[in-house]
Amino acid sequence: MNIASFSADDFNVFKIDGLEPRMDALKEQIQPKLQALGEHFSQQLSVMTGEEMFPHVAKHARRKVNPPNDTWVAFAANSRGYKMMPHFQIGLWETHMFIWFAVIYEAPNKVEIGRHLEQNAKQFIKNIPSHYVWSMDHTKPEVIPHDGLSVDDLNSMFNRLQTVKKAEILCGIRISREEAIELNDDDFIKTINDAFEQLLPLYKLI
């Protein structure tokens, strides 16, 4: 299956009103691309992590009224699900695409993960590229630029992961809609692969 970069039409799916019409467009237009990304990068991430990684395309099955504002494929070392584990994501909102390392609120060992992250905050300040961003809620598009963060700023986020039940932590890149649609297929794949290589130390740490 060939991997194709995201197009303007893909981003425009999130302008479609109504749950069913938007879901129909997601299934027809975007999910095949996510499935192709899943097949390719699950193999790539399996080699990189040393664990068998499985792709999970978001189904949005619990939605009854409100249409999804974003969608993604996630990668985790579990064939049955990804939300309970540290994982990677590739996806898009109407305004941008994203590539994440993520620990979301369903993860049962968030306290331990937060401690490991806190112990390595100085390393992250130095090694994570300045154009990367952090998020504390995967359901919202707002992010915190890594550039300018202090060790104390990072530790505040990592401590929250340990102490707040609904806390999450995500790190990665976001690429504007305009930039994403200009990427050819080869550059699209390279951009994702480069991001996973940068995020791999976060995954391996925990």
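## What counts as a pocket

On a 1 Å grid laid over the protein atoms alone, a pocket is an open set of points with protein on both sides within 12 Å along at least five of seven lines, while a cavity is a set of points where a 1.4 Å probe fits but cannot get out. Lining residues are those with an atom within 4 Å of a point. Grid points are joined across faces, edges and corners, and a volume is the space filled by probe spheres set on the points.

Before we look around: this is a predicted model, where local features need pLDDT of at least 70 and side-chain atom pairs count only at pLDDT 80 or more, though totals for chains, interfaces and linings use all residues. Residues are numbered from 1 along each chain as its sequence is written, and side-chain values use heavy atoms, with hydrogens and water left out.

## The largest pocket

The largest pocket has a volume of about 580 Å³. It has 20 lining residues, and those closest to its centre are His60, Arg63, Trp72, Lys83 and His138. Two elements each give two or more residues to this lining: strand E1 (54–57) and E2. (Strands, E, are DSSP runs of at least two residues, and helices, H or I, are runs of at least four, numbered from the N terminus.)

What sort of residues make up the lining of the largest pocket? They divide into 9 nonpolar, 5 polar and 6 charged. Here Ala, Val, Leu, Ile, Met, Phe, Trp, Tyr, Cys and Pro count as nonpolar, Asp, Glu, Lys and Arg as charged, and the others, Gly among them, as polar.

## The second largest pocket

Next comes a pocket of about 160 Å³. Its lining includes His131, Tyr132, Ile173, Arg174, Thr191 and Asp194. E7 and H7 are the elements that give two or more residues to it, and H7 has the largest share, with 4 residues. By class, this lining has 5 nonpolar, 3 polar and 3 charged residues.

About 90 Å³ of space lies in the largest cavity. Of its 14 lining residues, Trp93, Phe98, Trp100, His138 and Lys140 lie nearest the centre.

Strands E2 (70–76), E3 (87–93), E4 (96–103) and E7 (169–176) each supply at least two residues of the cavity lining. E4 gives the most, with 3 residues. The lining splits into 7 nonpolar, 3 polar and 4 charged residues.

## Salt bridges

How many salt bridges does the structure hold? There are 3, each being a side-chain nitrogen of Lys or Arg within 4 Å of a carboxyl oxygen of Asp or Glu. Lys33 pairs with Asp10, with the closest N and O atoms 2.6 Å apart. Lys33 lies in helix H2 (residues 19–49) and Asp10 in helix H1 (residues 8–12), so this pair ties together parts that are 23 residues apart in sequence. Lys33 is buried, at 17% relative accessible area, and Asp10 is buried too, at 1%. (Buried means under 20%, exposed over 50%, and partly exposed in between, with a 1.4 Å probe and protein chains only.)

Asp194, which also lines the second largest pocket, bridges to Lys190, the closest N and O atoms being 2.7 Å apart. Both sit in helix H7 (residues 185–205), 4 residues apart, or about one turn of the helix. Asp194 is partly exposed at 29%, and so is Lys190 at 48%. Finally, Lys140, one of the cavity residues, forms a salt bridge with Asp137, their closest N and O atoms being 4.0 Å apart. Lys140 is partly exposed at 49%, as is Asp137 at 25%.
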